[in-house]
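Here is a quick tour of how the parts of this model touch one another. Have the structure open as you read.

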Amino acid sequence: MEPPSQLFDVAFGAGAPLDGTALFLPAEFASRVQFGWTISVHILFAALSIGLAPFIVYFTWKAIRTDRDRYERLRSFWLKVFAVGFVMGTVTGIPMSFQFGTNFPQFSAVAGELIGGPLAFEAKMAFFLEAVFLGVLLFGRERVSDRTYFLSSVLTGFGAWLSGFWILVVNAWMQTPQGYEMITRNGMEVAQLTDPIAAFFTPRMTWMYVHMINASVIAVALLVAGVAAYIIWKKRDAKAWQTALKIAVLILIVAAPLQAVHGDAYGRHVEDTQPQKFAAMEGHYETGTADLHLFAIPTSTDAIMDPSEENLFAISLPRVGSFLASGGDFDAVVKGLDEYEQNPPVPLVFWSFRFMVGLGFLFIGLAFWGGYLIYRDRLSDSSLYLKLMIAASPLGYAALLTGWYVTEIGRQPWVIQDVLKTSEAVSSTLSSTEATASLVAFVVIYIGLVLAALYTLRWLIEGELRELGVEESPNDHWYGPIPELPGVGNDE
Amino acid sequence: MSKPLVIPVDQYLHPSLPDVWFGVVMFALAMYVVLDGFDFGIGMLYATREDDHDRETLLAAFGPIWDANEVWLIAFGTMTLAAFPDVYSRLLADNYLIALGFVLALLFRGVGPELREQREDEQWQRACDWSFVGGSILAPFLFGVLAGSWVFSVGAISLPAILTGVGLVAVSAATGAAFLAAKTGPALAEEMRDLGIVATLAYLGGVVVLLAVVIWTDAGGAASTILSVPGVAIVGLSVVAGVAGIVLALRDRYRAWLGFALALPVLLSLLVALLLYPEIYPATASGTALTVEMAVVSPLALNLTTILGFPVLLVVLWYFKFLYSVFSGPIESEGYGA
């Protein structure tokens, strides 16, 4: 395989969709970038809802059952974040299902019978539940009983998790399709549902659900911990936020190692069911025995684009890849990328995978260190730990996104594994002018949307600090120990 | 392969199940047009309010319900995909920019009020107001154009499609005004009444012009359907509901007015269903015309969606009853009163 020279070719396959003279992007290319971009933004908000749900339920429960002000404070703060995230999730979610029709109508036509049901169940069972009871949660505190209010928080959270379930039923089917047969409808080869149980509970389904829910919980726990660490940095005796930091770290102690153990087994499942994707994840170009790369860094810029063995400084276990793949045989032959006519863009998959795994280990380290600090009762006193947690607050999201890049880019050239290619799913009537126009609009508007979300979080934190009585002072600094503030040592 | 025991595989639960699903999809469309319609109306009427207190009253009316209302769009879309996948893919692919423009307008409509309350900054709030108002006008317009393009099969850039868009804007303004009149204090209600009457008259006028154009040009062969007995009945009932609503509004009977105002988008959706059936998608550049029979999914898939989906749909309707009963009181600027 020739080392490709341009990122563009690497990412979207040679055959040059761009000839360098066209003003507008080819419709297929623009559609794929648009879908990838819009889902990347949408999933940030979807994961926020899923990950924040247990926090909201817990804070609501404690706020109702105890008189302590700290839980009411946390409930009210994170519910505002949840509300903004939910609105952003709704308005970015609708374009996702629309693009199945606008940009990938052949995908909808071929797979409609398989994916339409789960998507409709998602809307009816989960989304309505979440939207209706979030309305009560946000505006109904004084209008319903404590019990109904708590129940609303549970139903809202359950709605978020159920939403994720049905969406992943669809995605898992696209990875490991079953429970269908191909028939002809209106002159077109389409998939017909033959076994709903098999189609809904595909081999990938449970792997994906556990991994995604847990990833969302980790991402949000890191976000909660980061915000808490920042507020503690500004105001050491903010009891509510000491509690929030502790809860987030305790959740990470469970969730982060679970993700690694589960992810390892998940990887072997991918190797069994999608060998091509697995070969791309491991940079396994030629069929033969496989080494296991524990760690790899590129030794030259070429290696970024072409992560083959001779280009990497890698710590590898010889033949362990074969051993794991076959379940005990060091000489087992693992299928390489040379077996396939068309391959996914290997560098994107290879590096996304390593980025995700590396971050996963970082989270385990942070979690255990936090556990040690809790044990020594020093969690809110370690200046370095607070700073690291502030820095780590977006990293859970980075891991979640790169994980999805492995899953989705790694499945290419297929949109439905071995059934329909992405290039065949694209609209035949879409012009490059229209596709480019919508892509530009989505890029510009979604950047604005993400900035608005980040600014909102910042304003909410500033508001919280004002309520805690923290004045902005020119003495704020980021080096050295935690600033000493008046009132340290006061009890609640 | 595990065989599902209760779900027939080879035939529909009832021979008319595909037609029932056409009805279900049209029901979801009607729910969306009615419920999000008055949300859009609130957004449009918001532009006529200079006073901060009034504006906050309108936002308080909008806040707890709009998101749940908007989910009916998703229900409509996904049920269409589940029952008639080819219709879903062709409708959206044939109207690419209209469809994506619509969802972006919905985006602006949704985030405007949510972001507005995050910051006490005049410039920021003005930008959010623009987002809210602009989205609330553009979204029903583009959705109407999409529906017109679907029903009359003359493309989105055509007089019938554009008039459908204008009509949906007007009817949304009318229902929004009636909703606010019924839910706010007397001072605001009186102004809403006057605006609502103008919007109702504009809607009825718009429908007459639209139908005249359609009959004149026979767009999509719709002339004969409109002039048939059910067609004339729907149009006649719309005029009656509009006029009755105006009369009740003038007598300050706002709750009754709201009832008649909400009948208008219901009748409009009924007209859409009548104009389509038994076809569900007309012949366009993307292919030949599809009837309900041709477009529907196989028996097993439809039976499954029916058995799993219908009970859930009933539960959803209960949710809405609950939501609207929690927020049934009159609206004050700081939220719903007791």
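## Inside chain A: two domains

Domain 1 of chain A and domain 2 of chain A bury about 1300 Å² between them, with 58% of that on carbon and sulfur atoms. Buried area here is the accessible area (1.4 Å probe) that two parts lose on being put together, summed over both. Helix 8 (239-273) and helix 12 (346-375) of chain A each supply at least two residues of the domain 1 side that touches domain 2; helices (H or I, at least four residues) and strands (E, at least two) are DSSP runs, numbered from the N terminus. Helix 12 of chain A gives the most to that side, with 5 residues. Sorted by type, the domain 1 side has 5 nonpolar, 4 polar and 7 charged residues. Ala, Val, Leu, Ile, Met, Phe, Trp, Tyr, Cys and Pro count as nonpolar, Asp, Glu, Lys and Arg as charged, and the others, Gly among them, as polar.

As for the bounds, domain 1 of chain A is 26-287 + 335-476 and domain 2 is 288-334, taken from an automatic or database domain assignment. Their C-alpha centres lie 29 Å apart. The count of salt bridges between these two domains is 0.

## How to read the numbers

This is a predicted model: local features need pLDDT of at least 70, side-chain atom pairs count only at pLDDT 80 or more, and totals for chains, interfaces and linings use all residues. Residues are numbered from 1 along each chain as its sequence is written, chains are lettered from A in the order in which they are written, and side-chain values use heavy atoms, with hydrogens and water left out.

How much area is buried between chain A and chain B? About 5900 Å², and carbon and sulfur atoms give 76% of it. On the chain A side, Lys124(A), Phe128(A) and Arg143(A) lose the most area to chain B, together 13% of what that side buries. The contact (heavy atoms within 4.5 Å) takes 68 residues from chain A and 68 residues from chain B.

## Polar links and who supplies them

The two chains share 1 salt bridge, meaning a side-chain nitrogen of Lys or Arg within 4 Å of a carboxyl oxygen of Asp or Glu. That bridge joins the side chains of Arg185(A) and Asp86(B) (3.2 Å, N to O). Among the elements giving two or more residues to the chain A side are helix 3 (69-102), helix 4 (105-139) and strand 2 (188-193) of chain A. Helix 4 of chain A has the largest share, 23 residues. The chain A side divides into 41 nonpolar, 21 polar and 6 charged residues.
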